[in-house]
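Subject: The model I promised you

Hello,

Here is the structure we talked about, ready for you to open. Have a look at it first, and then read on for my notes.

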Amino acid sequence: MDTAEVRGAWTVLAHQACALRLRHLAASDDAADRVSAARGLERYAALYAELTRPGEHSGAPDWMLRGRLFQQALTEAIWAVNIGHAAWSLAERGEDTGTGTGGAAVARLLTALAHSADAARERLVARGDERSNYTAWLNAAAAVCRGRRDGDLRGHPGLATHPDGWEWEGSTYYHLFVLRAYLLSLRGCDPARIAPDDRERLAAMAAALAGVAAPDGDLPELHDGPYRRAEALAELHEVCLLVHQLFTGEPLAEVLDRVRSRSAAPAPDVEGWFDGPALPWPYSRPRRTFPDAGFAVVRGGGVHAVLDAGPHGGGHGHQDKLALYLYGPDGVAWQPDPGQVPYAHRAFRAYYASTAAHPAFCVDGADQRQVDARLDRADERSAHGVCAQAYDGVTATRTVTAAAGYLLDVLTVEADRARTLTAHLRPAVEFDAVRGPDGVVRTVWGDEAGPVLTGSHVASAQAEFAVRPHPGPADDPAAVRQGADWSAHGRRVVFASAYCRGLSPVRAMRLDGSLLAVELLDGTTDHHDLGE
């Protein structure tokens, strides 16, 4: 494809990559690299002086928060943060360019970028959108381009994050996006100078990542975000290194180890970022429950499960209430949140946000509304979520429990009249299903190339377990996977599943009213009371 829009997008990406490269060159121990960085900054300063006109970018749509060099103020702020850090590194080394006596044009560029970021932020505040993730980057651009070292985050963490630490949109990517802006804006400050409320939220944001991560450090890509992308991995690497300088105890150690094993890119140049000792890590044990965002992690039977039972999450939320995501060791994602494709692909973007793409529930084949669910209760052994707004007259609950040797999942959907009630299974691996003579469906997820998940499934009503193809995760929408729509017609259906890594300990399952009996291979039987 060769259009003005495509060329424009590549141009923006090229300038972002160039600004990041200048930042790395400016921090280099090689004098020639620093000279290259200084020359690059001077060229950008000349370009800015030539192109900048009073007002905002003339090519931007009316709805957009406009920049000056770039159409979007957010795009310009991200670029400006790297430009500002490049100039900062050169100044620290006493170079005669960048911000030195020979860099008056660069100094004017930094001043202009800071003013532009301030003006865009004022527009956001005026329209009541201060908690936007844009604000974090506009604040960062203004702080970095002015070389501020005061640790002032302008109270944004308290606006943009829940008390449990999650960024209000409930997206792993945008959570990292905002946290990265905060950390990049804190260069040169003494961590002790950061406002106490902001320190608390920064720690909670890091704890949210550590708590939701799989045992091997893989992060589920909840809601909008690239499922797997090298550039996103590099950004995560930078966040981990900065968090470990801000707090003692290396709270993201497993995540950092996983990033290093997956990325071939060099480590970001962020050594000595803060001017003072690290803050004490305030958590004595990992957090697994996040009641404000509605995420709960339950581990059982060798399975790392994430239940999504929280707010919709604004423009980055998905129609996925009561979805259940299943992860294993060694980076395997048996049933992940599928992520999101680039926003310009409207058809795929709509699909990856839809109920059909997620291991959630649906009624009469329709998508859920964009609604909230709630996490009623949760601890390390069990989590219970409720959704009563996705469809008229329908209430659904989901309980995930770490039982003896397996993970038990019970999804109950109840309607005010007979309707088609469906539970989705959306594997991202090879998938096989067989219905036994006892009515129990047994599934195998994965192959000999990696860890295998086994499942046993039984419903309270006569149900069809239809295996159908669906697009795989958003890093490759053309990859077709087999999944299942598990459906029954009625007013109330209970869908019960027992999962285990490797050989299942479950011999049989029986549902009798509100009682579920799980007969195990060792001859014992677990009895679960499903009455709520």
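This is a predicted model: local features need pLDDT of at least 70, side-chain atom pairs count only at pLDDT 80 or more; totals for chains, interfaces and linings use all residues.

Let me begin with the helices. Helix 5 (residues 133-145) packs against helix 7 (residues 172-185) with their axes 8 Å apart and at an angle of about 20 degrees. Because angles under 35 degrees count as roughly parallel, helix 5 is roughly parallel to helix 7. Their crossing is left-handed. On the helix 5 side, the contact is made by Asn 133, Ala 136, Trp 137, Ala 140, Ala 143 and Val 144.

Helix 3 brings Ala 73, Glu 76, Trp 79, Ala 80, Ile 83, Gly 84 and Ala 87 to the contact, and they meet Leu 109, Leu 110, Leu 113, Ser 116 and Ala 120 in helix 4. Here the count by class is 9 nonpolar, 2 polar and 1 charged.

Now to the strands, and to strand 10 (residues 407-425) in particular. How many of its 19 residues are buried? The model has 14 of them buried, so that the strand is mostly covered. Several antiparallel partners can be followed from strand 10:

- Strand 6 (residues 361-363) pairs with strand 10 over 3 bridges in the antiparallel sense, and Phe 361 has Ala 423 as its bridge partner.
- Strand 9 (residues 394-402) pairs with strand 10 over 9 bridges, again antiparallel, with Val 400 opposite Asp 409. These two strands form a hairpin with 4 residues between them, and Gly 405 in the turn has a positive phi of about 90 degrees.
- Strand 15 (residues 480-501) pairs with strand 10 in the antiparallel sense over 15 bridges, and Leu 411 has Phe 495 as its bridge partner.

Strand 4 (residues 323-327) and strand 5 are joined over 2 bridges, and Leu 326 has Gln 335 as its bridge partner.

The other open sheet has 3 strands in the order 16-17-18, also with antiparallel pairing. Strand 16 (506-512) and strand 18 (525-529) are its edges, and the twist averages 15 degrees from one strand to the next. Strand 17 (residues 515-520) pairs with strand 18 over 5 bridges, where Val 518 stands opposite Asp 526.

Last, the backbone. Asp 330, in the loop between strand 4 and strand 5, has a positive phi near 60 degrees although not a glycine. Is Asp 330 buried or exposed? With a relative accessible area of 60%, Asp 330 is exposed. Glu 250 is another non-glycine residue with a positive phi, about 50 degrees, and sits in the loop between helix 9 (230-246) and helix 10 (253-262).

Best wishes

Key: Residues are numbered from 1 along each chain as its sequence is written. Side-chain values use heavy atoms; hydrogens and water are left out. Two strands pair if DSSP finds at least two bridges between them. Buried means under 20% relative accessible area, exposed over 50%, partly exposed in between (1.4 Å probe, protein chains only). Axes are lines fitted to C-alpha atoms, for helices over the stretch in contact, and angles run from 0 to 180 degrees between N-to-C directions. Angles under 35 degrees count as roughly parallel, over 145 as roughly antiparallel, 65 to 115 as roughly perpendicular and the rest as oblique. A crossing is left-handed if the near helix is turned anticlockwise from the far one by less than a right angle, and right-handed if clockwise. Contact means heavy atoms within 4.5 Å. Ala, Val, Leu, Ile, Met, Phe, Trp, Tyr, Cys and Pro count as nonpolar, Asp, Glu, Lys and Arg as charged, and the others, Gly among them, as polar.
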